[in-house]
4 protein chains.
Amino acid sequence: MNTPIVLLTGFEPFGGEAVNPSAQVAQALHGQVLQAGGMLARVEAVVLPCVFGTALQALEAALREHRPHLVLSLGQAAGRCELTPERVAINVDDARIADNAGAQPVDQPVVPGGPAAYFSTLPIKAMVSMLRSAGVPASVSQTAGTFVCNHVFYGLMHALQHRPGVRGGFMHVPLLPEQVARTHGQPSLALPLQIEGVRLALQAALTHAQDLRVAGGTLN
Amino acid sequence: MNTPIVLLTGFEPFGGEAVNPSAQVAQALHGQVLQAGGMLARVEAVVLPCVFGTALQALEAALREHRPHLVLSLGQAAGRCELTPERVAINVDDARIADNAGAQPVDQPVVPGGPAAYFSTLPIKAMVSMLRSAGVPASVSQTAGTFVCNHVFYGLMHALQHRPGVRGGFMHVPLLPEQVARTHGQPSLALPLQIEGVRLALQAALTHAQDLRVAGGTLN
Amino acid sequence: MNTPIVLLTGFEPFGGEAVNPSAQVAQALHGQVLQAGGMLARVEAVVLPCVFGTALQALEAALREHRPHLVLSLGQAAGRCELTPERVAINVDDARIADNAGAQPVDQPVVPGGPAAYFSTLPIKAMVSMLRSAGVPASVSQTAGTFVCNHVFYGLMHALQHRPGVRGGFMHVPLLPEQVARTHGQPSLALPLQIEGVRLALQAALTHAQDLRVAGGTLN
Amino acid sequence: MNTPIVLLTGFEPFGGEAVNPSAQVAQALHGQVLQAGGMLARVEAVVLPCVFGTALQALEAALREHRPHLVLSLGQAAGRCELTPERVAINVDDARIADNAGAQPVDQPVVPGGPAAYFSTLPIKAMVSMLRSAGVPASVSQTAGTFVCNHVFYGLMHALQHRPGVRGGFMHVPLLPEQVARTHGQPSLALPLQIEGVRLALQAALTHAQDLRVAGGTLN
């Protein structure tokens, strides 16, 4: 029998940056075997283009190729201090800047006719709890924005509707120290901690079929 | 013929505050007649309890009583600098603090079996555009949180599914200066500007059947 | 006998802005007679150029002309939520952007050979206390920056060394709502509240020869 | 001939924290020999109590014992994202919380009769420049607050007045990831990066007798 696959995606750099921590984290964990609850799972990493539409085609190709047991997509979040599992993907593209192919959709659906939103099927509270216990800053996020990150998150959850039993979700990661050393005054998180945090989050996801019942919301 | 009604809701104070700007704004506009695109509309204001469930019962009673043409619900948003029309309501209650009846639901649906989310049917970009043109700070918000504000927003949009032609949405308003004068270091917006801003937002909503196609998203 | 004079200075717009709230507040209070502790005082407002050196020449001319009893200089502070009486002026010009005459000094003394710093001689804690009591957001600030605001504050305190009995200080005021309506996502404070706050701060300064002994510091 | 000594101080934990990154960084660099511009220097680390007065006695004992060539004091700064060399120490203690001995002075001088402020004699621009070049987030800070950090910084600069040729200054360091994993939503910087950053800052200080002429100020 084959080892179950965890598909872990990151993004290529965008917005004038030379690097993207989400790609670096995914590549660092590529090929690692996770032990979780007596189960083994192997990480397959894929780096997606930061391009509306094309990113989803690449994601769907990876889903077909690797037939994963579980999927976590990562994206870079400037301004955030913590690893932030996302709660919900919404069916809208509304781009504040152009993507890497120059497109800047405004209020277009990710999937025409699709539902307004999909919730993550990963145990986001358990992931946050495990990260915090290990000393890695983490919080639940209530919005993945409206750019290519949310686009991929929504497209992923839409694709998983036809793959019963495959769970998936999205997590934003902070900028790297080397990125904010150029732009000043923004929070960052060092790469080794990001890698360790994503590894722990995957383990939490693999071992928790049900999420914890702990508060993770915001007042507004 | 009767004047069309705009239902404008606010909330009672919560979280230890003595006042809630959303209630003050709603009450200040109560009875006002708005002229918009050759049409007249009269504002009916209702103050909702900050209680899961009970708030929606009060909202539904107001919908039945006033049979509004358009509905805007308001809520207080500590930490925000601007009037922020909300894009999307999600089907989850996840309370970081207890509501005014002591309830603190975690990851409960607002409407069991309801869709994951509803988008606002108000022209949020047009509302932001009109406010900014008038010198009132405003931005689109991608999350209404997971407390009673989002609960009412979701419940409102759910209730409007059975009222074709009635548009509705939610807008968060900042704290008042007098509130932050006690707690220090938080942004605020003076009541007269909040009232003027909500009045202008209602006019924009009444005059724009279709929203503007301008970017209003976030990267994350 | 002549009415004692309160000299209140603001700045012309800078940094690409069309207005400067500090000038608007000063002009709004020009000519007002303050009653404070049985004493009357009349406000003389002067708007200073946002230019290193020239601003201080204009300030010194105003000191000679009006022979004030008390001086409060105001300046605009983007990013601040509150009226912030400044604690200390430092003897350095270090300009992140060019001033209105194109000069951008780096690590130059305001007054060569002057002391490293001067403390405000206004009762900054009493001013904050009175503002908060009146519902106006206010906090003590530990730094006036290193641009023309600090330059004028330092130059003012230096000039007052030779005018025994004349007290003086500086207060930063937030951006106006109309300013942030163009730039988005920044805190603001409405002009009427700024005017009322500065008026109250002047009254507090006139009535408190000694400052209150209440904490107003920061950990870092 | 003896190797020149760099005295590097940190603080014990305070404010309810179990650790203080400033102490951990200092201890990690204790005994290291820095090579800078053909010169060798050895780091002596001392951890100071977070207590007004007592901290300065411990600092002065360390100055007498180690007779350092250069002194850098470190302190923890919640809310900051970057390593921040401080520009200026002010002659005031104004404690928002009690120190570790329960004292909470308000508007007391650090040194009665001392000057209002001392500027750092370390090349703060060169330190920031070297850190940024190495990918470590850093900025000049214009205020060290009014708690025990500023107290030690002021006391250090006062003590160095009688030690010609000995340069000194202060740098704040961010919280550690493990600290913010407990408190949520605050920026942090991983310990290895803090250690590397302080090491580089010391090298920059040893190699730059004169500071760089580059802007490092703030508008307010």
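Guide: Over all chains of this predicted model, the number of disulfides is zero. B:Cys149 illustrates why: the closest cysteine sulfur to its own belongs to B:Cys50 and lies 6.7 Å away, which is too far for a bond, since a disulfide requires two cysteine sulfur atoms within 2.5 Å. In chain C, likewise, C:Cys149 takes part in no disulfide, and the sulfur of C:Cys50, the nearest from another cysteine, is 6.7 Å away. As to accessibility, B:Cys149 has a relative accessible area of 3% and is buried. C:Cys149 is also classed as buried, with a relative accessibility of 3%.

Another buried residue of chain B deserves attention, namely B:Ser73, whose relative accessibility is 0%. This serine belongs to strand 4 of chain B, which comprises residues 70–76. Its side chain forms a polar contact of 2.8 Å with the side chain of B:Thr9. When residues up to four places away in sequence are set aside, B:Ser73 touches B:Thr9 itself, together with B:Val152, B:Leu156, B:Gly169, B:Phe170 and B:Met171.

Chain A and chain D meet in a contact to which chain A gives 19 residues and chain D gives 19 residues. The area buried between chain A and chain D amounts to about 1,300 Å², and carbon and sulfur atoms supply 65% of that area. On the side of chain A that touches chain D, the largest share comes from helix 5 of chain A (residues 177–183), which provides four residues. That side of chain A consists of 10 nonpolar, six polar and three charged residues. Between chain A and chain D there are zero salt bridges. Polar contacts, however, are present: six residue pairs across the interface of chain A and chain D are joined in this way, with both residues of each pair at pLDDT 80 or more.

Two other pairings of chains complete the account. Chain A does not touch chain C, and the nearest C-alpha atoms of these two chains are 13 Å apart. Chain B and chain D are likewise not in contact, with 13 Å between their nearest C-alpha atoms.

Definitions and conventions:
Residues numbered from 1 in each chain as written. Chains lettered and ligands numbered in written order. Predicted model: local features only at pLDDT ≥ 70, side-chain atom pairs only at ≥ 80, totals over all residues. Heavy atoms only, no water. Buried < 20%, exposed > 50% of the residue type's maximum accessible area, 1.4 Å probe, protein only. Contact = heavy atoms within 4.5 Å. Buried area = accessible area lost by both parts, 1.4 Å probe. Salt bridge = Lys/Arg side-chain N within 4 Å of Asp/Glu carboxyl O. Polar contact = N/O pair within 3.5 Å; in protein donor to acceptor, adjacent residues only side chain to side chain. Helix = DSSP H or I, 4+ residues; strand = E, 2+ residues; numbered from the N terminus. Nonpolar A, V, L, I, M, F, W, Y, C, P; charged D, E, K, R; others polar.
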